[in-house]
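Please look over the sequence and the model before reading on.

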Amino acid sequence: MSKIKLYRFPLSGHSHRAEVSLSLLGIEAELVDVDLGAGAHKQPTFLAKNPFGQVPVLEDGEVTLWDSNAILVYLASRYDPQRQWLPAEPVVASRVQRFLSLAAGPLAYGPASARLVTVFGAGLDQTQAIDAAHGLLKVLEGELADQVWLVGEQPTIADVAMYTYTAHAPEGNVSLADYPAVRAWLARFERLPGFLPMQASAVGLAA
């Protein structure tokens, strides 16, 4: 049995971010589903792993980590000796960090929030989230207009961090029709060895 455990929820894009990173790196892990509907994430045993009561959480031996982007950094730093997924060169590393920040900001408040409304019935302003999503998608379209990956010539954790909620944006009524470079990037990511899809939801524009 693997020493690594990933506590996740199958419809969580943050969980998928960590899960697909493990798979792309060829790391065997035990997946532990957390029943959010039953409030398992708010029980003392889980709060001891993450005081915010959120998935994902990664356990690797004596190391326990929460926050999906932190998990990406950890996995790439520890298990990728070639440093493809998190390059050490300062300028490239800073560009990767820029997209991790976008994943925690505009991606979370745009496509991810719009999807929360349709998939989970969250009481958020979906119109505002959709507007924010298109603002982000326009930036990504520009970044990808003349390059294959978000940073450099190889995929990095920048691509991992941005992929899931972008790919599932139509579930939140965010159309990708006007972003051909983004769609081509998503297709390239999905062809990577080790790629794992997240469970789709037939809601919004994806219905």
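Are F189 and F195 buried or exposed? Both F189 and F195 are buried. The model is a predicted one, and the points below are grouped by topic.

**Aromatic pairs**
- The rings of F189 and F195 pair edge-to-face, with 5.9 Å centre to centre and 85° between the planes.
- Y163, F189 and F195 are linked into a cluster by ring pairs.
- The count of aromatic pairs comes to seven.
- Another edge-to-face pair is formed by Y7 and F46, at 6.3 Å centre to centre and 70° between the planes.
- This pair links distant parts of the chain, since Y7 lies in strand 1 and F46 in helix 2 (residues 44-47), 39 residues apart.
- Y7 and F46 are buried.

**Nonpolar cores**
- The largest nonpolar core has 52 residues, and L150, M162 and F189 have the most contacts inside it.
- Elements that give two or more residues to this core include strand 1 (4-8), helix 6 (126-144), helix 7 (157-167) and helix 8 (180-190).
- Apart from residues up to four places away in sequence, M162 touches F99, L102, A103, L107, L136, L140, L150 and W185.
- A second, separate core has eight residues, among them L11, V34, F46 and V55.

**Largest pocket**
- The largest pocket holds about 730 Å³ of space.
- It is lined by 27 residues, of which S12, H14, Q54, V55 and Y165 are the closest to its centre.
- Helix 5 gives the largest share of the lining, six residues.
- By type, the lining residues are 15 nonpolar, nine polar and three charged.

How values were computed: Residues are numbered from 1 along each chain as its sequence is written. This is a predicted model: local features need pLDDT of at least 70, side-chain atom pairs count only at pLDDT 80 or more; totals for chains, interfaces and linings use all residues. Side-chain values use heavy atoms; hydrogens and water are left out. On a 1 Å grid over the protein atoms alone, a cavity is a set of points where a 1.4 Å probe fits but cannot get out, and a pocket is an open set with protein on both sides within 12 Å along at least five of seven lines; lining residues have an atom within 4 Å of a point. Grid points are joined across faces, edges and corners, and a volume is the space filled by probe spheres set on the points. Helices (H or I, at least four residues) and strands (E, at least two) are DSSP runs, numbered from the N terminus. Ala, Val, Leu, Ile, Met, Phe, Trp, Tyr, Cys and Pro count as nonpolar, Asp, Glu, Lys and Arg as charged, and the others, Gly among them, as polar. A nonpolar core is a set of buried Ala, Val, Leu, Ile, Met, Phe, Trp, Tyr and Cys residues joined through side-chain atoms within 4.5 Å. Buried means under 20% relative accessible area, exposed over 50%, partly exposed in between (1.4 Å probe, protein chains only). Contact means heavy atoms within 4.5 Å. Rings of Phe, Tyr and Trp (its six-membered ring) pair if their centres lie within 6.5 Å; planes under 30 degrees apart count as stacked, over 60 as edge-to-face and the rest as tilted.
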